[in-house]
Amino acid sequence: MVNKYLPTSLTKALDILATEVVTPYAGGTDLMIKPDENVKYLFLNKVTEMKNIVEDDKYIRIGAACSFTDIIENKLIPSILKEASAEIAAPAIRNLGTVGGNICNGSAKADSALIFFLANCKLRLVSNNSERVIPITEFYLGKKKTCIHSDELLVEILMSKTGLNNYYYKKVGARNALAIARVSFAGVLNVENGKISNCSTAFGAVSDIIIRRADIDVMLVGKTIEEAKIVKEDYFKKYDQAILPIKGRISAEYRKTVCMNLLRDFLESNGI
Ligand SMILES: Cc1cc2nc3c(=O)[nH]c(=O)nc-3n(C[C@H](O)[C@H](O)[C@H](O)COP(=O)(O)OP(=O)(O)OC[C@H]3O[C@@H](n4cnc5c(N)ncnc54)[C@H](O)[C@@H]3O)c2cc1C
């Protein structure tokens, strides 16, 4: 009995996915925790179309089977994604673990997914008879639940080429290295011609899904730094209502306090 497939092209991988009951296997760093000898695995690490990082006029197109090491070493990748990737586990995991696996495992603790939320990235999902490109916010349906169909692969992540330079990123873990996030936060704020042209934030490891509230962040857009200071407390109030941490090993109160402190620090670091 064949229990693993090693396709070398996307077409072959999608054909197997359409006709067999298989589990996509990228780096295996999540899957290896619960190996199952009855499962047939579809290995993705030889699918060349999923290993590229290229740019077009609008996007950096990141192949879903790129490892965190590939991300860190590629000159097209913005610093914020490199920094978040460099904080993941240890080199052995970074050499195997992929951005596609980080997204598809459906975890709100996923460090690269936080940055993809922040950057309003789009995901290209492909089967052998369909293709769709959706915002990452629509991909997640709940804890460990995503909208990917059983015959689809996440093939690429589309990341905007601009707007991520002035960033703030913090991962709060139990220790400095080799830690899964207790809370993570990323923000970008851009000012053009004296007015805030974009403010984006994302909170990880707090709820079942990464929190990305563009509807709140827009409160600061179009304002000068001085005008932003005036609405700052209303902005905090909105986030205070929006952040409803789940209880776990870490208390909900702790997570909430850390989120609000990081948000405040992010604004203060931008003079607000
Ligand atoms: C010791 C250790 C430390 C870790 N530390 C961190 C950490 O600090 N931060 C962090 O974010 N994560 C961490 N992780 C989790 C893990 O390394 C990451 O989530 C990694 O990105 C998973 O990628 P992978 O390629 O190994 O996924 P895999 O294990 O191969 O797959 C994960 C899931 O995604 C599916 N899948 C993978 N790729 C695709 C695709 N292209 N299309 C459709 N489905 C797909 C698989 O079927 C599976 O359900 C850690 C894991 C370990 C073991």
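**Close-up 1. Strands β11 and β12 pair in this predicted model.** Strand β11 (residues 167-172) and β12 run antiparallel and are joined by six bridges. Strands are DSSP E runs of at least two residues, and helices are H or I runs of at least four, both numbered from the N terminus. Two strands count as paired if DSSP finds at least two bridges between them. Within this pair, Lys-170 stands opposite Phe-185 in β12.

**Close-up 2. Strand β12 is mostly covered.** Of the 10 residues in β12 (residues 183-192), eight are buried. Buried means under 20% relative accessible area, exposed over 50%, and partly exposed in between (1.4 Å probe, protein chains only).

**Close-up 3. β12 and β13 form a hairpin.** Nine bridges link β12 to strand β13 (residues 195-204), and the two run antiparallel. Val-188 has Ser-200 in β13 as its bridge partner. Two residues lie between the strands, and Asn-193 in the turn has a positive phi of about 50°.

**Close-up 4. Thr-69 lies in helix α2 (residues 68-73).** Thr-69 counts as buried because its relative accessibility is 17%. Leaving out residues up to four places away in sequence, Thr-69 touches Arg-94 and Asn-95; contact means heavy atoms within 4.5 Å. The side chains of Thr-69 and Asn-95 make a polar contact (2.6 Å). A polar contact is a pair of N or O atoms within 3.5 Å; within protein, one must be able to donate a hydrogen and the other to accept it, and residues adjacent in sequence count only if both atoms are side-chain atoms.

**Notes.** Residues are numbered from 1 along each chain as its sequence is written, and side-chain values use heavy atoms, without hydrogens and water. As the model is predicted, local features need pLDDT of at least 70 and side-chain atom pairs count only at pLDDT 80 or more, while totals for chains, interfaces and linings use all residues.
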